[in-house]
Each structure stands twice: as C-alpha cells, then as structure tokens.
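Please read the report below alongside the sequence and the model, taking the sheets, the helices and the contacts between parts in turn.

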Amino acid sequence: MIKVENVTFRYDHSGEPALNRINMTIDKGEYIGIVGPNGCGKTTLVQHFNALLYPEDGRVSVDGMNTDDESCVEEIRRRVGMVFQNPDNQIVGMTVEEDIAFGPGNLELPSPEIRQRVDESLARVGLKNHAERQPYTLSGGEKRLVSIAGVLAMKPEYIIFDEPTSYLDPSGRDRILSLIEEINKQGIAIIHITHNMDEIVNAGRVVVMDEGRVVLTGSPKEVFGKVEQMKALKLDIPVVTDLAWRLKQRGEDIRTDILTIDEACLEILDRLKSPHAS
Amino acid sequence: MYNWGQYVPGNSIIHRLDPRIKILSVIVLSVFILKVGVNAGLLLSVFMMAVIFMSRLTFQRVITSLRPFIIFFILLFLLHVLFTAGTPIVRFSFCGLSITHEGLYRGLYITWQFMFLVTGASILTMTTVPSDLISGIEGILKPLRPLGVPTHDIAIMLSLALRFVPTFLGEIDRIKKAQMARGANFKKGKMIKKIKNITSLALPIVLSSFRRAEETATAMEGRGYKRGPRTCLRNLRMSSADYIALVLMVAMMTGIQLMAL
C-alpha cells in the first residue's frame with residue numbers, strides 16, 4: 001500500500017505549494033486514474049511515490065517503508081516503477097535489450113537472471129524480435145513499450161504511467177492502453193495520469209487534482225457524474241457523458257453516469273423504446 | 001553524416017573476438033607501427049590485410065572509412081615531401097622549395113603509418129557492437145578500480161553519450177527546420193550571416209540538452225541507478241579464440257622486437 005499522509009511540497013520555498021496537504025492511499029492491485037489541469041501537481045505527487053521527491057511536510061510510505069528512509073529508497077524504487085512522459089529521455093541503453101537490462105543491473109542481479117528478465121519483459125510487451133534494435137530507430141509507440149518493459153523487468157508492485165499515450169497515434173494508443181489493463185490484471189497496481197478521460201473509465205478510482213489539492217475522488221461514475229464540477233475545473237469528461245448531460249439539460253430524462261459508448265447505446269435505445277418517449 | 005567506422009553486422013572470427021583483446025591489439029599495433037622500420041611495417045600491414053580478410057569486411061568499406069581523413073593524409077604527405085632536406089629530384093625555382101628523395105620516402109612512409117592507424121581503429125569499430133566496445137573499455141580499466149577510478153560510471157557515461165548522438169542530430173535538424181520555417185537561411189548569404197545563423201542554433205540546442213539531461217537523470221534514478229557497482233546483461237568471457245589471438249599478438253610483437261626489424 002502506498003500511503004500519502006498530509007503531504008505538502010514546494011519547489012520554491014517561499015512560493016505557492018505544488019502539493020497542499022494531500023492524503024491518499026493506493027492499495028495493491030488497484031487501478032487509479034489521476035486527472036487535473038496542467039500544473040495541478042499530478043506529476044509532483046507521483047514523484048513522491050518512488051522517492052524522486054520528498055515531502056516538505058507529512059510523509060509518504062510504500063508498503064510500510066518511509067520514503068525519507070535512505071536505506072529503503074532502493075527497494076521503494078524497485079517496487080514503484082515509473083513510465084515517464086517522454087520515453088526518449090527514459091531510454092538509456094544503446095540497444096533495446098540493454099535498456100531493459102539497466103534497471104535489473106542497478107539491482108546487481110547476476111547476468112543470467114538479467115537475461116531472463118529482459119526476455120520475459122520483451123515478450124510481455126510484444127517486442128521479442130526487436131531486442132537488438134537501437135532506440136532511435138524505434139517508433140514513438142515502440143519507445144513507449146520499451147520504457148514499459150524496462151519497468152516490468154524490475155518486477156514492481158506498482159507502476160506509475162505519466163500521460164502514457166501522449167504523442168501516440170490511435171493504434172499505438174490502443175496498444176498501450178490494453179497493455180496497461182493487462183498488467184493490472186496480473187496484480188500490479190496502476191497509477192495512470194492522463195488528460196483523456198476516456199482512458200480511465202475502467203479505472204477502479206479516479207482522483208481529480210487542482211492547485212495541489214485533491215478536489216474530487218471516487219469511482220469513474222461518481223466523478224464523471226459531477227459534470228458541473230468537472231466543467232468548473234475546465235476538465236473534460238468522456239464524450240458520451242457530456243452527451244447524456246446535454247440531453248438531460250434539454251429536459252430529457254436520461255442517466256448522466258454513462259461512461260462508454262456501449263452504455264450510451266443501451267440507454268438511448270431504452271429511451272427510444274420506452275412508451276413515454278416523446 | 002554518422003558513418004565513419006560504423007558497426008557492420010557480421011559473425012566473423014574478428015566480430016566474435018573479445019572486445020578487450022581487440023582494443024588492446026589496436027593500441028599495441030598503433031604503437032608498433034609508429035616505432036618500427038619499414039620491414040616490420042610491411043609485416044604489420046600484411047597482418048592487417050589478413051585481419052580485414054578474416055573480418056569479411058569488403059576492402060571497399062575499409063577504404064571508405066579512410067575517406068574523411070584524405071585531406072589530412074594529403075597535407076601530411078605534402079609537408080614531408082616539400083620540407084625534408086636531401087637530394088633534390090625536382091626544384092621549384094619560384095618558391096625555393098624542392099622535392100627530395102628523402103622527402104618522398106618519408107612522406108610516403110608516414111602517410112602509410114597514419115593510414116594504418118585509421119584502418120586499425122575503424123576495423124575495431126566496424127566489427128564491434130558499440131556496447132561491447134564500452135564493456136571492453138570498462139574491462140580494460142577494471143584493474144584501476146582499486147585506485148578509485150569509477151569504471152562503472154565511465155562506462156555509463158560513454159554509453160549515454162553514444163546513445164544520445166542520433167537523438168541530438170535529430171534535434172538539431174528539428175530546430176534548424178523550425179528556424180527555416182521562420183525565414184532563416186542556412187545555405188545562402190554572406191559568411192558572417194551564416195555564422196550568425198548557426199550560433200542561433202546553438203542556444204536552443206544547449207538549452208534543450210540540459211532539459212533532456214535533467215529528465216534522463218531523474219528517469220535513471222527512478223530506475224534505481226546509483227553510483228557504484230552494478231551488473232550487466234552480458235559478461236565478457238575469453239574463449240579459446242581469444243587466447244589464440246592473444247598469444248599470436250604477443251608472439252608477433254616479441255618477434256618484431258627481438259629481430260629489431
């Protein structure tokens with residue numbers, strides 16, 4: 001469990017806090033989406049989870065280990081993997097397999113075990129035949145897969161994805177999203193930062209941040225159902241939720257906690273068939 | 001642009017040799033070619049030919065790798081030809097210089113030595129994967145570790161540098177295009193204007209490289225990087241071929257030394 005207690009953090013000592021008394025817990029195997037406008041502190045928050053940043057006030061612990069404790073940092077970083085926004089800067093190896101071997105190498109694992117983990121991770125992300133390629137020859141989507149494989153090779157319990165679909169075309173996006181879901185099904189907790197609400201309609205929980213605070217939290221249905229509040233924060237909501245909400249605004253008696261096209265389809269069909277439809 | 005001595009995939013004996021052996025051999029050969037006489041020089045050149053043959057690199061490729069240095073070779077040759085004292089063959093009355101027997105001989109010999117050096121280095125890089133090259137360097141530096149030489153960190157630094165070369169070339173291209181789209185012209189105009197344009201490229205590139213470095217450092221830390229010992233995917237291990245190569249090198253060099261060729 002990642003436990004965040006009363007965490008405050010400032011980049012600039014006299015400035016506005018980037019994080020303002022944040023409290024949250026993330027359980028093993030959970031899938032949590034974090035959304036919020038640019039500069040609301042999402043990235044700052046998640047960098048506390050693997051001891052890349054330390055709270056100015058309050059505490060963060062991972063499975064009972066405090067991130068302030070120097071002796072635990074290595075194990076915390078193994079348990080909490082992070083896929084950064086720009087994979088270009090995360091890939092440090094000269095070939096794909098060497099990059100994936102970077103993390104396990106830092107754990108000082110023996111070479112045969114590194115080899116095994118590299119092969120496993122490559123297979124998991126579907127890049128088995130690209131082991132010897134050089135990073136600059138990869139497409140954007142492939143680079144992202146390599147950075148995910150590099151994290152998987154650490155055998156983490158939690159993986160943070162910081163806007164994992166930025167710069168990707170639709171097919172690359174789908175590939176990454178289904179991979180994330182697959183990883184979650186294997187019992188690894190996912191912390192998924194995004195601007196695209198459609199990506200996290202299947203998350204177990206959504207956390208909405210604004211100006212360094214958590215302003216809303218709940219299941220996707222609960223959060224996206226609060227359309228006015230989301231709009232006030234200048235955040236998107238899933239397109240179909242917006243559609244339902246607008247229909248309701250026009251006096252149609254329709255549910256507004258609709259998140260997917262399938263749900264919308266059923267609801268609209270239902271309305272069309274029901275006798276009191278106008 | 002990024003072509004000199006680039007790795008040529010292959011599976012020859014030379015490709016498979018331990019990188020430490022290859023690096024040390026190139027160093028030893030380079031030292032020897034500079035200090036030995038013509039006879040031993042010929043012997044070493046024949047040896048180099050044999051290595052090229054065994055590496056299954058085409059001669060054309062090896063010659064191509066000399067191309068960027070051609071001006072340097074010509075200059076080296078001319079300097080020796082024109083400025084060595086001795087028996088003149090041709091005299092240029094207008095400038096008081098002359099081509100001498102000794103000059104011609106020295107010019108040819110020294111140019112040949114330098115061509116040998118470049119060929120040796122490019123065979124090394126053409127038959128060795130960059131990452132093996134780096135583990136080779138790390139392996140050779142290993143004995144210095146007790147003296148406090150951070151060999152692991154040096155290896156990481158080198159591999160990061162190589163890893164980011166294509167990234168930076170791409171970046172330069174991008175920034176150049178962005179400036180061309182806003183009217184900068186890198187091809188036409190006076191020299192001064194051109195230099196000014198190029199300096200206007202430098203600043204954004206330096207800035208972006210700092211940003212990149214910071215992000216990469218954070219990502220490395222996030223992946224558990226710390227200074228000091230770490231392990232690698234592949235460990236260098238000497239095979240029988242490596243020992244044979246080692247013995248061969250030692251024998252040849254002692255032979256040359258003893259016979260004072």
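In what order do the six strands of the open sheet in chain A stand, and is the pairing parallel, antiparallel or mixed? The order is 6-7-8-3-9-10, and the pairing is mixed.

## Basis of the model

This is a predicted model, in which local features need pLDDT of at least 70 and side-chain atom pairs count only at pLDDT 80 or more, whereas totals for chains, interfaces and linings use all residues. Residues are numbered from 1 along each chain as its sequence is written, chains are lettered from A and ligands numbered from 1 in the order in which they are written, and side-chain values use heavy atoms, with hydrogens and water left out.

Helices (H or I, at least four residues) and strands (E, at least two) are DSSP runs numbered from the N terminus, and two strands are taken to pair if DSSP finds at least two bridges between them.

Strand 7, helix 7 (residues 170-185) and strand 8 of chain A make a right-handed β-α-β unit, meaning that, with the strands pointing away from the viewer, the path from the first strand over the helix to the second runs clockwise. Helix 7 of chain A lies across strand 3, strand 7 and strand 8 of chain A, running at about 150 degrees to strand 8. Helix 6 (residues 140-152) of chain A lies across strand 6 and strand 7 of chain A, at about 170 degrees to strand 6.

## The four-stranded sheet

A further open sheet in chain A has four strands in the order 2-1-4-5, with antiparallel pairing; its edge strands are strand 2 (19-26) and strand 5 (65-66), each of which pairs on one side only. Strand 1 (residues 2-9) and strand 4 (residues 57-62) of chain A pair over five bridges, and V62(A) is the bridge partner of I2(A). Helix 1 (residues 42-49) of chain A lies across strand 1, strand 2 and strand 4 of chain A, running at about 55 degrees to strand 2.

## Buried helical residues

Helix 4 (residues 96-106) of chain A is mostly covered, with eleven of its eleven residues buried; among them are E97(A), E98(A), D99(A) and F102(A). In helix 5 (residues 111-125) of chain A lies R117(A), which is buried with a relative accessible area of 11%. R117(A) touches L107(A), L109(A), A153(A), M154(A) and K155(A), not counting residues up to four places away in sequence, where contact means heavy atoms within 4.5 Å.

## Domains and the chain interface

Chain A is divided into domain 1 (2-225) and domain 2 (238-278), with bounds that come from an automatic or database domain assignment, and the C-alpha centres of these domains lie 35 Å apart. The area buried between them is about 620 Å², buried area being the accessible area (1.4 Å probe) that two parts lose on being put together, summed over both. On the domain 1 side, V201(A), K221(A) and F224(A) lose the most area, together 65% of what that side buries.

Between the chains, 35 residues of chain A are in contact with 30 residues of chain B, and about 2,900 Å² is buried, of which carbon and sulfur atoms give 53%. N89(A), M94(A) and F102(A) supply 24% of the area that chain A buries against chain B, more than any other three residues.

Note on methods: Axes are lines fitted to C-alpha atoms, for helices over the stretch in contact, and angles run from 0 to 180 degrees between N-to-C directions. Buried means under 20% relative accessible area, exposed over 50%, partly exposed in between (1.4 Å probe, protein chains only).
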